[in-house]
Amino acid sequence: MSGERDRGRRVPEPERCAGPVADAAPEPDADPGGARPYPVPDAAAYLAGRWDVERTVHDLRTGTEGHFRGTAEFRPEGTGDALLHVEEGRLTWDGTVYPASRTLRLRPRPDGTAGVEFADGRPFHDLDLRTGRWTARHPCAEDRYEGSFTAVAADDWRLRWRVGGPAKDQLLRSVYRRRG
């Protein structure tokens with residue numbers, strides 16, 4: 001889980017991660033959780049606020065499964081129009097509970113799309129929810145992250161990351177529900 005606290009310690013972002021792949025584009029068949037897409041004209045406006053998060057993490061090499069439960073907040077960074085995406089919660093892995101967190105930055109664009117960066121400013125991926133669905137790709141050293149985003153309602157969106165390569169073979173499925 002890139003950038004998250006895992007097993008009680010901060011997992012650093014790899015230095016060799018490249019930026020977003022140029023072929024990141026909507027993928028009509030990407031459908032995490034079988035949900036229908038809900039078109040979102042402005043990704044930053046849609047995501048702003050607090051969300052409950054439930055995530056399942058499958059290590060496909062070992063067959064191990066973990067669960068993350070926590071909150072995500074998309075809040076103004078302070079200067080400019082960027083939003084900080086801060087997730088905090090608990091990861092249960094192999095029967096043990098660990099604190100887990102990550103921080104990303106969302107940079108809105110005038111057309112309703114956004115660029116997503118790691119906390120240190122390195123590019124991660126683009127985000128375009130205007131059709132309600134988006135697929136992003138991110139090379140990280142020799143591993144490849146492929147994310148499928150689906151907005152399913154005004155207060156509900158899904159995220160699926162498939163991570164493959166020599167260092168990782170994982171499937172992460174997340175459900176975000178806006179806090180009332």
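User: Which way do Ala-114, Val-116 and Phe-118 point from β7, and which way do Gly-115 and Glu-117?
Analyst: Ala-114, Val-116 and Phe-118 point one way, Gly-115 and Glu-117 the other way, and all are buried. Buried means under 20% relative accessible area, exposed over 50%, partly exposed in between (1.4 Å probe, protein chains only). One caution: this is a predicted model, where local features need pLDDT of at least 70 and side-chain atom pairs count only at pLDDT 80 or more, while totals for chains, interfaces and linings use all residues. Residues are numbered from 1 along each chain as its sequence is written, and side-chain values use heavy atoms, with hydrogens and water left out.

User: Why two directions in a strand?
Analyst: Side chains in a regular strand alternate between the two faces of the sheet.

User: What does β7 pair with on the β6 side?
Analyst: β6 (residues 96–108) runs antiparallel to β7, with 5 bridges joining them. Pairing requires that DSSP finds at least two bridges between two strands. Pro-108 stands opposite Ala-114 of β7. The two strands form a hairpin with 5 residues between them, and Gly-112 in the turn has a positive phi of about 95°.

User: And how many bridges join β7 to β8?
Analyst: There are 4, again between antiparallel strands, with β8 covering residues 123–127. Gly-115 has Asp-126 as its bridge partner in β8. That hairpin has 4 residues between the strands, and Gly-121 takes a positive phi near 95°.

User: Salt bridges next. What's the count?
Analyst: The count is 18. The rule is a side-chain nitrogen of Lys or Arg within 4 Å of a carboxyl oxygen of Asp or Glu.

User: Which residue does Arg-50 pair with?
Analyst: Glu-73, with the closest N and O atoms 3.5 Å apart. The pair links distant parts of the chain: Arg-50 is in β3 (residues 49–59), Glu-73 in β4 (residues 64–76), 23 residues apart.

User: Are those two buried or partly exposed?
Analyst: Arg-50 counts as partly exposed because its relative accessibility is 36%. Glu-73 is partly exposed too, at 22%.

User: What about Asp-156 and Arg-158, buried or exposed?
Analyst: Both are buried. Their side chains meet in a salt bridge at 3.0 Å, N to O. Asp-169 and Arg-162 also meet in one, at 2.7 Å, N to O. Arg-162 counts as partly exposed, at 30% relative accessibility.

User: Where does Leu-84 lie?
Analyst: In β5, residues 83–93. Leu-84 counts as buried because its relative accessibility is 17%. Its C-alpha is 9.6 Å from that of Glu-117, 33 residues apart along the chain.

User: What does Leu-84 touch?
Analyst: Contact means heavy atoms within 4.5 Å. Leaving aside neighbours within four places in sequence, Leu-84 contacts residues including Glu-77 and Arg-105. Glu-73 is also among them.

User: Which residues touch the most other members of the largest nonpolar core?
Analyst: Leu-106, Leu-127, Phe-149 and Trp-157, in a core of 36 residues. A nonpolar core is a set of buried Ala, Val, Leu, Ile, Met, Phe, Trp, Tyr and Cys residues joined through side-chain atoms within 4.5 Å. Beyond its neighbours within four places in sequence, Phe-149 contacts residues including Leu-127, Trp-157 and Arg-158.

User: His-138: buried or exposed?
Analyst: Buried, because its relative accessibility is 1%. His-138 is in β9, residues 133–140. A polar atom of its side chain lies 3.0 Å from the backbone oxygen of Phe-124.

User: Zooming out, how many helices and strands are there?
Analyst: The protein has 1 helix and 12 strands. From the N terminus, the order is β-β-α-β-β-β-β-β-β-β-β-β-β. Buried residues make up 46% of the 180 residues. Among contacts between residues at least 6 apart in sequence, 49% join residues at least 24 apart.

Key: Polar contact = N/O pair within 3.5 Å; in protein donor to acceptor, adjacent residues only side chain to side chain.
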